[in-house]
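Have the structure open while you read.

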Amino acid sequence: MSTTETTATTGDIRPRLRWGVLAFVLLVLAAMALAIVVPKTGYVLNISLQATTYATAVLGLTIVLGLCGQINLAQAAFFGLGAYAVGIGQTEYGLNFWVCLLIGTSMAAGFGALLGASTLRLGGHYLAMVTISFQQIVTLVLINWIPVTKGPDGVRAIPRPGFLADGSTYLAFCIAMLAGLGYLVWRLRDTKLGRAMRAVRDNELAAGVAGIDVYRTKVTAFALSAILGGIGGGLFAGGFAYVSPDQFSFAESVVFLTMVLLGGVASPIGAVIGTGLLILIPEWLRFLKSIPGLYLAIYGAAVILIVLFMPDGIWGYLRSQLDRFKRAVLPSRSGAALQMSGGGEGAETVMEVRGLSKHFGGLKAVDEVDLTIKRGGVHALIGPNGSGKTTTLNVLSGLYRATAGTVELNGQDITDLPPHARTKAGLGRTFQNIRLWRSMTALENVMVGAERPGSAVGNDPAALLARARAALAFVDLEERADEVVANFSYGHQRAVEIARALAADPVLLLLDEPGAGLNSSEKVELRNLLKRISARGLTILIIDHDMTLVSEVAQHITVLNFGRRIADGYSADVLKHPDVIAAYLGTAPDVPA
Ligand code: ADP
Ligand code: MG
């Protein structure tokens, strides 16, 4: 039954996709035909060539900024690398156009990856500064390395392949390239890499903990973006037969960035719209050029107004208008039960923590804590506010490096592994302050969890989708699979976060105050959910203040106070321990028999 229903939904989506692709192909063919057939002055041809090659480079920003959320103020430098490779390679070294394009693109990819590598230590403003510096270095080299680059004079008489010698044919070719690359960028969004990039953009910390190699994802995004910049630049050089340093300056990088923001950073269509507009608006305003300054003022005001009233860009705005007419798609049910392979019983140790410490300067947030977690069942970590519970979890999941101590998971020493490698080793967690990827749907959030490296679903898209749906079904949210999680209630967001961790099929699930911020009915649902999980035998380490919940679900309790372990053992014994009562509970708890 489950299979027929799953097929029914995919069958529902595929024809729409196919029609979309068909319409897209027809549109591209029409544009190519128009480029060849319609008689044009050199002026129209030049504007079109510029728009097409620029748009190719702007597509790169759709990836690095739109998908991955990383600022790149050096796109003109990558554009320039491609352009100069095609220029110098052909005129000086007599290389073939395509070989030059490949060289330029590879150089751009290499430097792009290098720039991406700087994200290991830098983010935000610092990253912006590094990209600007790279841009300035490239400009300086182009101007001053005269023997190779010809300096400020630029490179002239750049040829293009024989069969593309005619300007119109070349334009048609560039349109086809843009369309093909645009299609790839569009498809990238819903691949494993695309989801990883969006996860990094929305919440980097959660991305690492969900098993994504954040660093590698960023480097890839930068490299892909640079490749598109390089291709655009190479085509630009072939189109205009002349390149000079001023065409690839910092100002041009800002123009590229404005283009993508104006059109809509989230989609390749936005990149094309933004590029087209920003090239056309100055042309439309040409009649104002007799009054100095006025043209620039109107141009600037137009851009500011568009960005102000359409924060998601023009395409983002159009999309939101179109979405209002979209018919609601009936949610599908997978029907399949969520497989949990981490379950089990008994004496076996899942996690062994020895002498774990985490010091912040003089503050011993966690101080020589031992923790042994047995397979199956629920182990609670309790203690007053500030006693080091969250810090312990952060060290266990690799967000903080331990000051001292060792952590073993399933017999494997994970003390020095980065978060994503711990997830691969079988660790799952949720956060005290929910960390979902807010602009992604519930299903997409859970899919990222399910596709952690080494997971059972491997590269099978159907298995991935089935597992993600099953995880959502497990937390009773399958009906809302395709909604963006930012619109969810707190309780439902918490449930998605748990589903995301479960989808990765962990051997140990760490839950940091899952009940925090929930209202009473949501707490009841959470309690039932925890019971359903533990009934499947999955091992859980839970932090919670709700003593009723803890005493109901936990068989084993560890108590922290001022970063030190003050009690550890079976729940009933620990809750009666005088130190625990004094430090934490104040009065004897109401433990149900
Ligand atoms: P709990 O989760 O038990 O309420 P935490 O683990 O969040 O407690 O905090 C334990 C102690 O460590 C607190 O005193 C807190 O202020 C401190 N602490 C936590 N994280 C940091 C940090 N990143 N830098 C400095 N001090 C921190
Ligand atoms: Mg905490």
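**Notes on cavities, a pocket and a helix pair**

1. Domain 1 (42-261) and domain 3 (436-505) each supply at least three residues to the lining of the largest cavity. The domain bounds come from an automatic or database domain assignment. A cavity here is a set of points, on a 1 Å grid over the protein atoms alone, where a 1.4 Å probe fits but cannot get out, and lining residues have an atom within 4 Å of a point.

2. Before going on: this is a predicted model, with local features needing pLDDT of at least 70, side-chain atom pairs counted only at pLDDT 80 or more, and totals for chains, interfaces and linings using all residues. Residues are numbered from 1 along each chain as its sequence is written, chains are lettered from A and ligands numbered from 1 in the order in which they are written, and side-chain values use heavy atoms, leaving out hydrogens and water.

3. Searching the whole structure turns up four cavities of 30 Å³ or more, and the largest has a volume of about 100 Å³. A volume is the space filled by probe spheres set on the grid points, which are joined across faces, edges and corners. Among the residues lining the largest cavity are Ala206, Thr423, Arg429, Phe431 and Arg500.

4. Which element gives the most to the lining of the largest cavity? Strand 6 does, with three residues; helix 9 and helix 19 also give two or more. Helices (H or I, at least four residues) and strands (E, at least two) are DSSP runs, numbered from the N terminus. By type, that lining has seven nonpolar, three polar and two charged residues (Ala, Val, Leu, Ile, Met, Phe, Trp, Tyr, Cys and Pro are nonpolar, Asp, Glu, Lys and Arg charged, and the others, Gly among them, polar).

5. Now the second largest pocket, at about 480 Å³. A pocket is an open set with protein on both sides within 12 Å along at least five of seven lines. Of its 18 lining residues, Thr119, Leu120, Glu204, Val214 and Tyr215 are the closest to its centre. Helix 9 (204-209) gives the most to this lining, four residues. Both domain 1 and domain 2 (339-426 + 514-585) contribute to the lining, so the pocket lies between them.

6. Last, helix 19 (residues 490-503) packs on helix 20 (residues 520-535) at about 15°, with axes 10 Å apart. That makes the two roughly parallel (angles under 35 degrees). Axes are lines fitted to C-alpha atoms over the stretch in contact, and angles run from 0 to 180 degrees between N-to-C directions.

Key: Angles under 35 degrees count as roughly parallel, over 145 as roughly antiparallel, 65 to 115 as roughly perpendicular and the rest as oblique.
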